[in-house]
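This report describes selected contacts, salt bridges and backbone features of one model. The sequence and structure come first.

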Amino acid sequence: MEIIRSIKQMQQYILAEKQKGKKIGFVPTMGFLHEGHEKLIRTAREDNDITITSIFVNPLQFGPNEDFDRYPRDEEHDVQVCKRLNVDVLFLPDNNEMYPKPQVISIHVDKRTDALCGRSREGHFSGVATVLTKLFHIVSPDQAYFGMKDAQQVAVVEGLIHDFNFPITIVPVQTIREEDGLAKSSRNVYLSAHEREEAPIIFKALQLGQKMVIDGEKNPDIIVREVESFITSKTSGKIDYVELLSYPDLTAVETINETIILATAVHFKKARLIDNIVMNADGSISVQI
Ligand code: AMP
């Protein structure tokens, strides 16, 4: 496996591989790799000739009171994971390489951000779209892999690809979970032992909502209230939001008759955890974007 830290070198590598007709798969991450990331990398490996993984903790997507400084980092571990998974190139640019001076132009996301995490994390998705625009230009992948754990991110990236005509196919990958249902996340290390015991309730609450849809409940408000009270009564976490919206447009629905997302964010003392289920109108899991 090659480790590349310079943009120029990365572009030269890609150009050479493209001239050989190789198909490029790309998995952008912020590192501290876990089995969720591993699933993305494995899927990319299966579908492509060359797999590129990037690790870059992007300051643009963190708000002033968020956890940029204490975001978990472990480069040595991540290098070992990528080697084990036969990644071809691990792209590890530093901040100076990605942002040598303040951006003259950045991407502003107009839609799909006035709900869920977009509402509570102002500017977050503009930061994500800006760094991905840069990374897509640097890596020029044929396919890029994103986890449905961040379903709003998938919806925004789909818009970015479509509206700016990137010749890239987005491949959404289902959320990988711990045995007790908790979605794997780099931020789970922030949970206290007690909070870790409570955290699986988040997914159980979403499953309860999904069951209501399967059983024929069509009113989003009734489902949202049930999910909220399940989380509040069984955890010490503070709900940031529970929302049921159309997917991928993320608009309010009066009655459930299309693909929807049921999503939540819950604050524990040091970690804000998110999770969601994207489902068809009959409650079956939807994997389309
Ligand atoms: P991050 O490093 O948190 O920015 O995540 C990098 C990519 O991994 C994103 O596309 C995430 O959606 C994806 N990802 C994170 N956690 C999981 C998970 N538990 N299952 C599947 N994909 C995940």
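## Packing of helices 9 and 10

Ile-201, Lys-204, Ala-205, Leu-208, Gly-209, Met-212 and Val-213 of helix 9 meet Ile-222, Ile-223, Glu-226, Val-227, Phe-230, Ile-231 and Lys-234 of helix 10; contact means heavy atoms within 4.5 Å. The residues of this contact divide into 10 nonpolar, one polar and three charged. Here Ala, Val, Leu, Ile, Met, Phe, Trp, Tyr, Cys and Pro count as nonpolar, Asp, Glu, Lys and Arg as charged, and the others, Gly among them, as polar.

Helix 9 passes helix 10 in a right-handed crossing, the near helix being turned clockwise from the far one by less than a right angle.

## Basis of the model

The model is predicted: local features need pLDDT of at least 70, side-chain atom pairs count only at pLDDT 80 or more, and totals for chains, interfaces and linings use all residues. Residues are numbered from 1 along each chain as its sequence is written, and side-chain values use heavy atoms, with hydrogens and water left out. Helices (H or I, at least four residues) and strands (E, at least two) are DSSP runs, numbered from the N terminus.

## Salt bridges

The structure holds 16 salt bridges, each a side-chain nitrogen of Lys or Arg within 4 Å of a carboxyl oxygen of Asp or Glu. One of them joins Arg-187 to Asp-67, with the closest N and O atoms 2.8 Å apart. Arg-187 lies in the loop between strand 6 (169–173) and helix 8 (193–198), and Asp-67 in the loop between strand 3 and helix 3 (75–84), so the pair ties together parts that are 120 residues apart in sequence. Arg-187 is buried at a relative accessible area of 17%, and Asp-67 is buried at 9%. Buried means under 20% relative accessible area, exposed over 50%, and partly exposed in between (1.4 Å probe, protein chains only).

Asp-275 forms a salt bridge with Arg-177, the closest N and O atoms being 2.8 Å apart. This pair also links distant parts of the chain, with Asp-275 in strand 9 (residues 272–279) and Arg-177 in the loop between strand 6 and helix 8, 98 residues apart. Asp-275 is buried, with a relative accessible area of 4%, whereas Arg-177 is partly exposed at 22%. A further salt bridge pairs Lys-211 with Asp-215, again with closest N and O atoms 2.8 Å apart. Lys-211 is partly exposed at 47% and Asp-215 is exposed at 54%.

Thr-53 is placed in strand 3 (residues 50–55) and counts as buried, at 0% relative accessibility. Apart from neighbours within four places in sequence, Thr-53 contacts Val-27, Thr-29, Ile-41, Cys-82, Val-87, Val-89, Leu-90 and Phe-91. Ala-129, in helix 6 (residues 124–139), is buried with a relative accessible area of 2%. With neighbours within four places again set aside, Ala-129 is in contact with Ile-107, Val-109 and Leu-160.

Asn-95 belongs to helix 4 (residues 95–98) and counts as partly exposed at 39% relative accessibility. Beyond four places in sequence, Asn-95 is in contact with Phe-56, Pro-59 and Pro-100. Asn-95 and Pro-59 are 36 residues apart in sequence, and their C-alpha atoms are 8.2 Å apart in space.

## Backbone features

The peptide bond from Tyr-247 to Pro-248 is cis, with omega near 10 degrees. Pro-248 is in the loop between strand 7 (238–246) and strand 8 (260–267), and Leu-250 is found in the loop between strand 7 and strand 8. Leu-250 has a positive phi, near 60 degrees, in a residue other than glycine; Leu-250 is buried, with a relative accessible area of 3%.

Leu-116 has a positive phi of about 45 degrees although it is not a glycine. Leu-116 lies in helix 5 (residues 116–120) and is buried, with a relative accessible area of 3%.
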